[in-house]
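Good morning, everyone, and thank you for making the time. Please bring up the sequence and the structure, and keep both in view while I talk.

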Amino acid sequence: MSDLLDVDSRPAPESSEDSALAEYVAEVCRRLSAGLLRETGDDLRSVVAAEVRSVQWALEDPAALRDRVPVHPPRLDHRGRVRMFTNPVLSQRNPLAPPLTHVSDGDECEFRVTLPLQYQGPRNMLHGGYVGVLLDDVLWYAVRHASTGISFTRELTVTYERPVPLFEELRIVGRVVEAEGRKTFAEGEIVAGGQVCARATGLWIAPKPRRDGHGSAG
Ligand SMILES: CCCCCCCCCCCCCC(=O)SCCNC(=O)CCNC(=O)[C@H](O)C(C)(C)COP(=O)(O)OP(=O)(O)OC[C@H]1O[C@@H](n2cnc3c(N)ncnc32)[C@H](O)[C@@H]1OP(=O)(O)O
């Protein structure tokens, strides 16, 4: 079941230095994405050149990233293959992910993040679809923390109470409300400057056990 957490696994070995390099390049990609949306003309060329140089530097000088400890060091599955953490919200090496900082588990699961321009919908506001993505992930995480197996989002209802701002710290919070057999109900919110901007409620369902004792998603 835990294989469902990692979309894929890779046969080639990976060192801690490889993971650090991948996470560094993902950071450069994020900066580059922001630069492509922010700059024009000569400033655009300068930003692109600087980021390309920083990747070259990391590749050519083996000592360049010596002090970086990867956030997600290499993990192996039961067959000795590298498990890739691909999550588009939390993975440090996925440039699509902001990524979120995980603050706490327990009765409430909380993430924090300050989102840059790439996530803009209306001016200075977070895109509504991404509001749903953040809430889905934090509620899923709370459900995962409160149970033993993996569950899938069956239903997610998002209420947009006020715009979710970019460029300021967001608290993204999720908690389990009720668990009943394979079903877990959860709720949560996105808070900015002490105000709730969006709320979500949802249902997560653990797949029916298969005859071999594992789950299946449908
Ligand atoms: C270590 C940590 C690392 C961190 C990793 C971070 C990764 C983060 C990843 C984040 C990922 C984020 C998450 C993602 O993105 S998960 C990906 C998005 N979700 C999916 O793709 C799920 C697609 N759906 C399915 O696969 C199936 O529908 C599932 C498996 C969910 C259920 O199919 P199944 O065939 O098993 O279901 P069932 O029809 O028998 O129903 C089961 C029971 O539920 C009851 N029911 C149904 N609907 C409702 C309702 N609305 N209100 C109340 N009750 C309802 C129903 O009556 C029945 O009850 P009962 O008859 O049993 O009493």
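Predicted model: local features only at pLDDT ≥ 70, side-chain atom pairs only at ≥ 80, totals over all residues.

**Where the ligand sits**

I begin with the ligand, which lies between domain 1 (1-87) and domain 2 (100-205), because both of these domains give residues to the shell around it. The domain bounds come from an automatic or database domain assignment. Residues are numbered from 1 along each chain as its sequence is written, and side-chain values use heavy atoms, with hydrogens and water left out.

Which residues come nearest to the ligand? Of the 18 residues around the ligand, they are T153, R154, E155, R182 and K208, where a residue counts as near if one of its heavy atoms lies within 4 Å. By class, this shell has nine nonpolar, two polar and seven charged residues; here Ala, Val, Leu, Ile, Met, Phe, Trp, Tyr, Cys and Pro count as nonpolar, Asp, Glu, Lys and Arg as charged, and the others, Gly among them, as polar.

Let me turn to individual atoms. A backbone N or O atom of T153 lies 3.2 Å from a nitrogen atom of the ligand, and a polar side-chain atom of E155 lies 2.6 Å from a ligand nitrogen. For K208, a polar side-chain atom lies 2.9 Å from an oxygen atom of the ligand. Taken alone, the ligand exposes 1,300 Å², and the protein buries 59% of that, with areas from the Shrake-Rupley method and a 1.4 Å probe. The elements that give two or more residues to the shell are α3 (128-146), β5 (152-160) and β8 (195-205).

**The chain and its core**

Stepping back, the protein chain has three helices and eight strands, and from the N terminus on they run β-α-α-β-β-β-α-β-β-β-β. Helices (H or I, at least four residues) and strands (E, at least two) are DSSP runs, numbered from the N terminus.

Of the 218 residues in the protein chain, 36% are buried, meaning under 20% relative accessible area, whereas exposed means over 50% and partly exposed lies in between (1.4 Å probe, protein chains only). A nonpolar core is a set of buried Ala, Val, Leu, Ile, Met, Phe, Trp, Tyr and Cys residues joined through side-chain atoms within 4.5 Å. In the largest such core, which has 30 residues, L115, L126, L134 and I172 touch the most other members. At least two residues of this core come from each of β4 (109-114), α3, β6 (169-180), β7 (183-192) and β8, and α3 gives the most, with nine residues.

**Some backbone details**

Most residues other than glycine have a negative phi, and most peptide bonds are trans. With that in mind, look at P98 and P99, which are joined by a cis peptide bond with omega about -15 degrees; P99 lies in the loop between β2 (82-84) and β3 (101-104). N124, in the loop between β4 and α3, is not a glycine and yet has a positive phi of about 65 degrees.

Is N124 buried or partly exposed? N124 counts as partly exposed because its relative accessibility is 39%. F167 lies in the loop between β5 and β6, and its phi is also positive, near 65 degrees.

Terms used
Polar contact = N/O pair within 3.5 Å; in protein donor to acceptor, adjacent residues only side chain to side chain.
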